[in-house]
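Please read them beside the coordinates.

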Amino acid sequence: LKGSLTEHQPQLYQVLEDGKRLLTSISCSDLEVQIAQLGEHWLSSTTRVSRELHRLETVLKHWNRYQAEYAELNQWLQSAIERLEFWKLQSVTLPQELDTVRDHLSSFLEFSKEVDTKSSLKSSVLSRGNQLLRLKKVDTAALRSGLAQTDSQWTELLTQIPLVQEKLHQLQMEKLPSRTAINELMTWISLMDQIIEEDDERIKSAVGSQMIQQCLKKYKAFKIDLACKQLTVDFVNQSVLQISSHDVESKRSDKTDFAERLGVMNRRWQLLQGLITEKIRSLEGSLESWTEYENSVRCLKTWFETQEDKLKKWHSINDLPSVHTALKDCQELEDVIRVKEKEVEKVEQSGLLLIQNKKEEGS
């Protein structure tokens, strides 16, 4: 339709010009009305077709993006489900060496972090799919079925992960003495404290959503590590110290030492938990602010580029109907520019505030 309208546009302009030329020679109100109606009908049809074409192009863009993301997520989901089955099998096998169990648990933690990083892709697939359902311009039955399957598989994955992790952890703790477990936890807490301290300056100087996203990803991975280590913390707090010595005083001394070390570990553990939780909360807030600012800048840039393209096209106009259309568009553009000026001021203030906050964090 768009092509057909464009193809017949010269004919329309010729008819309009011929009609206006006739009006200079004769006085005919009917002809004047017909010329005006023809121009209005053409403009109305062109506008409707352009809007519908834009809408369909938008639907197609969403559909193509959805299909690409759905294919990527579905392929990964099938692989993840297969790997989860492997870990489930490992968690119920006969007793294994401690190092083997540690390797399994470490690998499973990496798998859990991989699942967490895919959550944004899953959210995007469901969001785009539901948006296409609302538009109702695609095969909704197949789309609805695919979305339901994806959601079901993802939910099952999230349900099984903590269960398998707990079983693998139980296998580890069956072979790991409580004292050794506490020592390992204390060493890990010290390592995390050092990493967080080293990261502090980097996070304070992080500018832009991409850098902040990287920091957030790192600390969300730490959160997954915490969840696994929490199982060890719970275990050592519930365990009973086994002492081989028959000497009562020696046994009492060992219990006291164990209780003191356990108390120190618990205090440091709580501090570490609070620190990581606060880092994630702060980074999520910063990411939201930077993303909103960058999206606003991107939208304004796109709008300005679109208007520049329109202005360039107006320079080549050489017929009266197009001049009338361009004049109307210019008048509308003047009103829109007034609104955009306020948007630009608001975005500038947002950017200045973000920079100011970074300076205050660094001071």
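1. Helices here are DSSP runs of H or I with at least four residues, numbered from the N terminus. Tyr66 and Tyr70 both lie in helix α2 (residues 29-91), four residues apart, or about one turn of that helix. This is a predicted model, in which local features need pLDDT of at least 70 and side-chain atom pairs count only at pLDDT 80 or more, whereas totals for chains, interfaces and linings use all residues. Residues are numbered from 1 along each chain as its sequence is written, and side-chain values use heavy atoms, with hydrogens and water left out.

2. Rings of Phe, Tyr and Trp (its six-membered ring) are paired if their centres lie within 6.5 Å, and planes under 30 degrees apart count as stacked, over 60 as edge-to-face and the rest as tilted; the count by this rule is ten aromatic pairs. The ring centres of Tyr66 and Tyr70 are 5.7 Å apart with planes at 25°, so this pair is stacked.

3. For Trp87 and Phe108 the centres are 6.0 Å apart and the planes at 80°, so the pair is edge-to-face. Because Trp87 belongs to helix α2 and Phe108 to helix α3, the pair ties together parts that are 21 residues apart in sequence. Phe86, Trp87, Phe108 and Phe111 form one aromatic cluster.

4. Buried means under 20% relative accessible area, with exposed over 50% and partly exposed in between (1.4 Å probe, protein chains only). Trp87 and Phe108 are both buried, and the buried residues of α3 include Lys113 and His104.

Note on methods
Helix = DSSP H or I, 4+ residues; strand = E, 2+ residues; numbered from the N terminus.
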